[in-house]
Amino acid sequence: MANELSTEMLKAALTSIDDFASRELPDALLIGLDERDEFPEELVRRMSSGAELGVQLVFVPFEYGGMGGGALDVYRVCERMAAIDLGLATSELATFLGSDPIRVGGTDEQKREYMTRIAKEGVLFAYAATEPEAGSDLGALKTIAEPVDENGSVTGYQISGVKQWISNGGVADLYTVLALAPGGPSWFVVEAGAEGFTHGHHEDKHGIRLSNTASLFLDKVYVDADRLVGGVEGQGLVQAQQVFGYTRLMVAAFGLGAGWAALDRAIAYSRKRIQAGSPLSEKQGYTHKLIVPHAVALEAARAAIEEAAERLDAGEGALNVEGAVAKYLATEAGDAAADAAIQAHGGYGYTHDYIVEKIRRDVRITRIYEGTSEIMEMTIARGRWQEHLKSGGDYYHASARELEALHAEHPDIGADSAALAHHALAALLERCRVEKLTRHQHILFRLGALIAQAEGAAAFARRAQRAATKQLHPKAVRSLRAKPLATASRVFARGAALTIATEAVRLVAGSDGGDLDDFERDLDLPAIHRCQGGLLADMQAVADALYAHKRR
Ligand SMILES: Cc1cc2nc3c(=O)[nH]c(=O)nc-3n(C[C@H](O)[C@H](O)[C@H](O)COP(=O)(O)OP(=O)(O)OC[C@H]3O[C@@H](n4cnc5c(N)ncnc54)[C@H](O)[C@@H]3O)c2cc1C
């Protein structure tokens, strides 16, 4: 993305979101809407209106009347929105997703028409890809677009089919619909109210009940040929792929924002809640299980998100694997943090009166939409497997060497443990190659999960180093000061190394993948066990920092 907001503009946009939320979106209102399963259309339209909040302006390019935000800007806005309400954030995401195929693949006229309408009129979009029988595997789509021929030239298309689980499905003004044209899957822009175009009821969902989700029914819906995005058939899946790095970063930011929103509430609650004569915040059995590991995992995810966002802003291509790593880490961490936040509130957390209960249901979706966690595991594993093969098995040994060099200069940021994690990962990948273990889908997918851990640990160590040397990007979130950030990085890296080593043994032994003695040596288990030294003191230091420091 060419443009970016200035740091001051970003700050102003975040302040406007906060002001709008504190004025218009008190917890009681959000809990009530959730309970009544109500989509607050008027609120959403005001949030999209330039005269009021105009959130969507952040992602509309400057030349079409938007603010032209980059990936870092969009991540920051998404995190903030998700911390307020993930359902409302999803409604905004739907407009972003819906206009994405146009932004990346549309003709100049299409970009001008639709991006300008989003900026000026605040129109709501929906992104209609999923079908009842085509979810993770979009290639199985059945919706068809039949060309309408006049005097030998295509003047339009008739679209027929069913779309499922479409955010803004019942309320959008414009829809981008993926349909199979003779030349292959293609995006079409369909207006609400077109003849033959109807939608199902507002789905009764587990969470994000403030967002509208509906199925769509298209019965020979006619669109003019100029509604084919990009003007050429068969570009649909490529256009969807081109933006995955970017859109998955947004959902990663959702996991981060919702996870921290829940954890912040648990931290506040535990300061005041007295049990056995002292606040819960002073009890290790509480903090070291329900608070610290989740704060650490969320901040590791933040490191992966910010690194990917900076690289996207620098024009480094689609970054599909990096986007998947960020989404996987952040949404898994956000979900676990919200679950821990319920536990941290005891019986109160289990009631609708406490918003952590709602956040827990809301954040669950982030592990499902924009590619499920399992599809992320597959994407990561396949992408990095190729790198392992291309490098003759050196890909993660090479990154481990970089981490060792980083450790030599900055011995307290966890880069040594992260290096052990990377060496162990390289050993596991190589054993999988030699014994052909990725023929087991379970192993392939576990590799994706372990790779995410290793890459999260590396990103975290680099972030801690940048914080220590005052080189963090001006737009980066300062969630912890440099010293506790380095401590948190050490905690995460130790966990990553141990998880990778333990899982590696489980997977190789469990699949009868050859001799274990050599393998255990290759993993360097003694070093990984030794690097756990100091863990408890570090966890205590993170707890102290979290309770001393008011975030934001
Ligand atoms: C609230 C909500 C909002 C949504 N909004 C939108 C939207 O705006 N636009 C849109 O197009 N879609 C939207 N979706 C759809 C969403 O992206 C899909 O639900 C998601 O991609 C999963 O597809 P599916 O539901 O068909 O599940 P499936 O693909 O059938 O997956 C079911 C399970 O099987 C696993 N699985 C799938 N394939 C494999 C495989 N090859 N190997 C191993 N395991 C596998 C999955 O990880 C999952 O655990 C939304 C969904 C929800 C619930």
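The radius of gyration used here is taken over C-alpha atoms, and the rule for a globule is 2.2 Å times the number of residues to the power 0.38. With 552 residues, a compact globule would have a radius of gyration near 24 Å, and the chain has 24 Å, which agrees.

The model is predicted: local features need pLDDT of at least 70, side-chain atom pairs count only at pLDDT 80 or more, and totals for chains, interfaces and linings use all residues. Residues are numbered from 1 along each chain as its sequence is written, and side-chain values use heavy atoms, with hydrogens and water left out.

**The whole chain**

Along the principal axes, the C-alpha atoms fill a box of roughly 75 × 55 × 40 Å. The chain has 20 helices and 9 strands; these are DSSP runs numbered from the N terminus, helices being H or I with at least four residues and strands E with at least two. Of the 552 residues, 59% count as buried. Buried means under 20% relative accessible area, exposed means over 50%, and partly exposed lies in between (1.4 Å probe, protein chains only).

A contact means heavy atoms within 4.5 Å. Among contacts with a separation of 6 or more, 75% join residues 24 or more positions apart. The chain exposes about 21700 Å², and carbon and sulfur atoms supply 51% of this area. Such areas come from the Shrake-Rupley method with a 1.4 Å probe; for residues, only the protein chains shown count as cover.

**Two helices**

The expected span of a helix is 1.5 Å times one less than its number of residues. Helix H16 (residues 441-468) has 28 residues and should span 40 Å; its end C-alpha atoms are 41 Å apart, which agrees. H16 is mostly covered, as 21 of its 28 residues are buried. Just after H16, lysine 470 takes a positive phi of about 55°.

Helix H20 (residues 535-548) has 14 residues and reaches 20 Å from its first C-alpha to its last, close to the 20 Å expected. Its buried residues are Asp538, Met539, Val542, Ala543, Ala545, Leu546 and Tyr547. The cover over these buried residues includes helix H8 (244-272), helix H9 (284-313) and helix H17 (482-510).

**Loops and a strand**

The loop between H2 and H3 holds aspartate 37. Proline 40 is also placed in the loop between helix H2 (27-36) and helix H3 (41-48). Leaving aside neighbours within four places in sequence, proline 40 is in contact with Leu33, Leu88 and Leu210. Proline 40 and serine 211 are 171 residues apart in sequence, yet 8.1 Å apart in space, C-alpha to C-alpha.

Aspartate 37 has a phi near 55°, a positive value in a residue other than glycine. Asparagine 151 has a phi near 50°, also positive in a residue other than glycine. Asparagine 151 lies in the loop between strand E2 (144-150) and strand E3 (153-167).

Serine 215 lies in strand E7 (residues 213-224). Not counting residues up to four places away in sequence, serine 215 touches Lys163, Gln164, Thr198, His199, Gly200 and Glu203.

The table gives the accessibility of these residues.

| Residue | Relative accessible area | State |
|---|---|---|
| Aspartate 37 | 17% | buried |
| Proline 40 | 9% | buried |
| Asparagine 151 | 84% | exposed |
| Serine 215 | 9% | buried |
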